[in-house]
Amino acid sequence: MPAEPTPPIAFAGAAAISARFDSPVVGVDDAALDLLRSTGAAVTLDHDAIAGVSRDWWPLAMTWAGADQVAALAAAIVAPTTPEQVADVLRICHERAIPVTPAAGRSGVVGGSVPLFGGVLLDLCGLRGIRSVDPGSMIVDVLAGTFGDVFEEQLQAEHGLTVGHWPQSVALSTVGGWLACRGAGQLSNRYGKIEDIVVGLDVVLADGTTLTTGGHARQSAGPDLNQLFIGSEGTLGVITGARLRAHRIATATQRSAWSFPTFEAGADACRRITQRGLAPAALRLYDAAEADRSYSTGDVAVLLVFDEGDEEIVRAATAITDQECAGGTAGASPLDASLVEKWLGHRNDVSSLEALISRGYVVDTMELTVAWAQLDALYVTVRDAIAAVPGVMAASAHLSHSYTDGACLYFTFAGKPVEPTRAATEALYMACWNEGTSAALRMGGSLSHHHGVGLNRARFMVDALGAGAMHTLTSIKRALDPHGILNPGKLGLPGPFGEAPFPIEEDA
Ligand SMILES: Cc1cc2nc3c(=O)[nH]c(=O)nc-3n(C[C@H](O)[C@H](O)[C@H](O)COP(=O)(O)OP(=O)(O)OC[C@H]3O[C@@H](n4cnc5c(N)ncnc54)[C@H](O)[C@@H]3O)c2cc1C
């Protein structure tokens, strides 16, 4: 059975699904529909099907499912199965100025694949499968709509290789979605973030022009166009295929767990381990609140270390990790390594989000990168800024990815509005993001590490990038997509269809 997107939450089922935003909806007329059908791509106008594909796992939009609402509704779903069909579809939409929102697994958590201005929802899940594997160079060529779990299963079973990209959402998301969002797997300390894994891309531009980027281990032939499209979130082009670096399947694994008197002491151990040149596959440091919630460890920070790979390398990595944890920090002590097993067993369980949102909680996560020098201060400032929002019941963090120069901090927050109204829920959600993000940017953090910008973070882009960089990005957008059809309203980019309808100015 081919993998399909997993719906984020059930609708109440009391009414026909409607749109929460009142942004103008661009229709697709009969003449355009005929042309789209002539490409060979499947075209769907069924309302329920459109409602199903017009949403992702953005937690705010999940709160609207109880009122049978999605953020916005596309006018039509167009589902190509080949890169050529993608090019034909885009050419037709470009000529008629029809907005096109690329969507695949729809597991994004920032509203990136929500069709804000109607038009075409370009469902890329039909572009699936491994096209070829070069075993000598360990490069795999894969179509963009291939779901992560299916991809890894086939690559491991048939070729004895792994790409090693394991987001928590591996079964919910596709290769193209990983690339479009600049994603990170849970073991990316060892295997790299998706931008490190890419050798080359196949891309279709808004007017149907096709191109390939990259293609070499390294090269010096102008700027790296791979990196232009990675993280572009469907706004600059549609990724139809990719060449990715693979690895032999690990022959050895190692697990250890440590407690630290403070989060800051644990973070310092992660810094020392990484700066000694080690990249254990996972170094996950939980602050005391998060550790106690998951592992009942009391008032200490907890570091879980998991490594895999060649036996000799893993043995050396274990020795160095142990030295840095045991010898480098006063008060650090070993914990039972079965805690790592517990994490491995539950790490892809995504059921809690729907359960909490259905009970009226506002809940979300905010991941960002910060240099080691600013990490301690940023951790406390952002956590406390979110915790101070009235209605917030918990704000905590873990350190999920380490680099020689900094790390990713992954904040989690949950709360409940005093009045269980839609307006109060939205206000609480907005306040958490506004307070947390402005504190993070003030303290030198990045806007995101791997979830991306989408709609939810679009309003912070100028502050995060600076006016000059945003102007450059806007110029690139105009050059590659002069009619502004690709994923309008996202990434903070201006477009011809109107203002993005978020943040919500008033209760509609
Ligand atoms: C429970 C849960 C856990 C998660 N854990 C992780 C994690 O560990 N690491 C991580 O990085 N992310 C994680 N995510 C976020 C999400 O899974 C990723 O952003 C993922 O990469 C999205 O892939 P997708 O196929 O679902 O893309 P979609 O949600 O369908 O689309 C996301 C964005 O990419 C664009 N897009 C999709 N495909 C293409 C394409 N082929 N060409 C151009 N643009 C395209 C869309 O327009 C949209 O802007 C998690 C999400 C959930 C719900």
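The model is a predicted one, so local features need pLDDT of at least 70 and side-chain atom pairs count only at pLDDT 80 or more, while totals for chains, interfaces and linings use all residues. Residues are numbered from 1 along each chain as its sequence is written.

Starting with the big picture, the protein chain holds 18 helices and 20 strands; these are DSSP runs (H or I of at least four residues for helices, E of at least two for strands), numbered from the N terminus. The C-alpha trace spans about 70 × 60 × 45 Å along its principal axes. For 508 residues, a compact globule would have a radius of gyration near 23 Å, and the protein chain agrees with its 23 Å. That radius is taken over C-alpha atoms, and the globule rule is 2.2 Å times the number of residues to the power 0.38.

What share of the 508 residues counts as buried? The figure is 52%, where buried asks for 20 or more other C-beta atoms within 10 Å of a residue's own (exposed is 12 or fewer, partly exposed is in between, and C-beta atoms are placed from the backbone).

The largest nonpolar core has 151 residues, and Val 120, Leu 303, Leu 304 and Leu 409 have the most contacts inside it. Such a core is a set of buried Ala, Val, Leu, Ile, Met, Phe, Trp, Tyr and Cys residues joined through C-beta atoms within 7 Å. Val 305 sits in strand 16 (residues 301-309). Val 305 counts as buried because 25 other C-beta atoms lie within 10 Å. Beyond four places in sequence, the contacts of Val 305 include Arg 255, Pro 280 and Leu 283.

As for strand pairing (at least two DSSP bridges between two strands), strand 4 (residues 76-79) takes part in two cases. Strand 2 (residues 42-44) pairs with strand 4 in the antiparallel sense over three bridges, with Ala 42 bridged to Ala 79. Strand 4 and strand 6 run parallel, also over three bridges, and Val 78 stands opposite Leu 122 there.

Around the ligand there are 39 residues, the closest being Gly 105, Gly 112, Gly 176, Gly 177 and Gly 234; to be near, a residue's C-beta atom, placed from the backbone, must lie within 6 Å. Helix 6 gives the most to this shell, five residues. By class the shell has 16 nonpolar, 19 polar and four charged residues (Ala, Val, Leu, Ile, Met, Phe, Trp, Tyr, Cys and Pro are nonpolar, Asp, Glu, Lys and Arg charged, the others, Gly among them, polar).

Arg 106 is not a glycine, yet has a positive phi of about 60°; its place is the loop between strand 5 and strand 6 (120-123). Leu 491 also has a positive phi, near 60°, and lies in the segment after helix 18. The peptide bond from Phe 502 to Pro 503 is cis, with omega near 5°.

Notes: Contact = placed C-beta atoms within 7 Å.
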